[in-house]
Amino acid sequence: MVICAATGNAKKLAELRRILELAGHTIVSQKELNITLEPEETGTTFEENAHIKAAAICKESGMPTLADDSGLEVDALGGAPGVYSARYCGRHGDDAANNQKLLENLGDVPPSQRTGRFVSAVCLCMPDGRSLTLRGECPGFIADKLTGEGGFGYDPLFIPTQLPDQQGNLHPNTQQITFSQLEDWQKDAISHRGKVLERLQQELPQFLQQE
């Protein structure tokens, strides 16, 4: 399937493309289609925002369109930054400032209470009006310092609970490796985005058969 990716985030696009093209899809970004629309994310949940973006860009492109809304939920902060993850510091997309604010707000919270999860909701909208919205999560902990050079967003602070081996088996992350230290295949195997896109693959055939 040829799918329009409704995102202006180059690093998120790279992840979507890497995972979905491996599954046999062709991903075209909204930028490649010369679509500059950036829908206002007025939803209170990841699912609502994913649908808002997918529906708007689908209307513009006339193509099956996939949008992802994702973020970090921290238990000690009542689920914050949540849907405001990308603009936690008050500016959209300033990863360094967002990470700094998260560290400051956690303050002296002990390691055992720094639990949280990455969440990804994806919505696939079809030109005929049908849509499929799914959710994926990756549990973990928030580190007390930035570690690693890879990834984006809160990746340098997020320590996943488990790590995969080459055979796909999961093991406890005893070395406290962050998302930013993982190779692409490792991150894709356990990440919130990897999980929800795997679920999308499973549910897509039945969804496409629906009237």
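The expected span of a helix is 1.5 Å times one less than its number of residues. Helices (H or I, at least four residues) and strands (E, at least two) are DSSP runs, numbered from the N terminus. This is a predicted model, in which local features need pLDDT of at least 70, side-chain atom pairs count only at pLDDT 80 or more, and totals for chains, interfaces and linings use all residues. Residues are numbered from 1 along each chain as its sequence is written, and side-chain values use heavy atoms, with hydrogens and water left out.

**Helix α5**

Select α5, residues 192-209. From first C-alpha to last, its 18 residues reach 26 Å, close to the 26 Å expected. Go to Glu203, where α5 has a kink of about 45°, shortly before Pro205; the bend is the angle between axes fitted to the seven residues ending at a residue and the seven starting there.

**The cores**

Next, select Leu66, Leu124, Leu197 and Leu200, which have the most contacts inside the largest nonpolar core, a set of 18 residues. Such a core consists of buried Ala, Val, Leu, Ile, Met, Phe, Trp, Tyr and Cys residues joined through side-chain atoms within 4.5 Å. Its largest share, 5 residues, comes from α5. Center on Leu200: beyond its neighbours within four places in sequence, Leu200 is in contact (heavy atoms within 4.5 Å) with Leu20, Leu66, Leu132 and Leu134.

**The largest pocket**

Select Asn9, Lys12, Glu41, Ala86 and His92, which lie nearest the centre of the largest pocket among its 36 lining residues. β3 gives the most to this lining, with 4 residues.

**Backbone details**

Which peptide bond is cis, with omega near 0°? Select Ala80 and Pro81: the bond from Ala80 to Pro81 is the cis one, and Pro81 lies in the loop between β3 and α3. Most residues other than glycine have a negative phi, and most peptide bonds are trans.

Move to Asn34, in the loop between β2 and α2. Phi of Asn34 is near 60°, and Asn34 counts as exposed at 70% relative accessibility. Finish at Gln176, in the loop between β8 and α4, with a positive phi of about 55°. Gln176 counts as exposed at 54% relative accessibility.

Methods: Buried means under 20% relative accessible area, exposed over 50%, partly exposed in between (1.4 Å probe, protein chains only). On a 1 Å grid over the protein atoms alone, a cavity is a set of points where a 1.4 Å probe fits but cannot get out, and a pocket is an open set with protein on both sides within 12 Å along at least five of seven lines; lining residues have an atom within 4 Å of a point.
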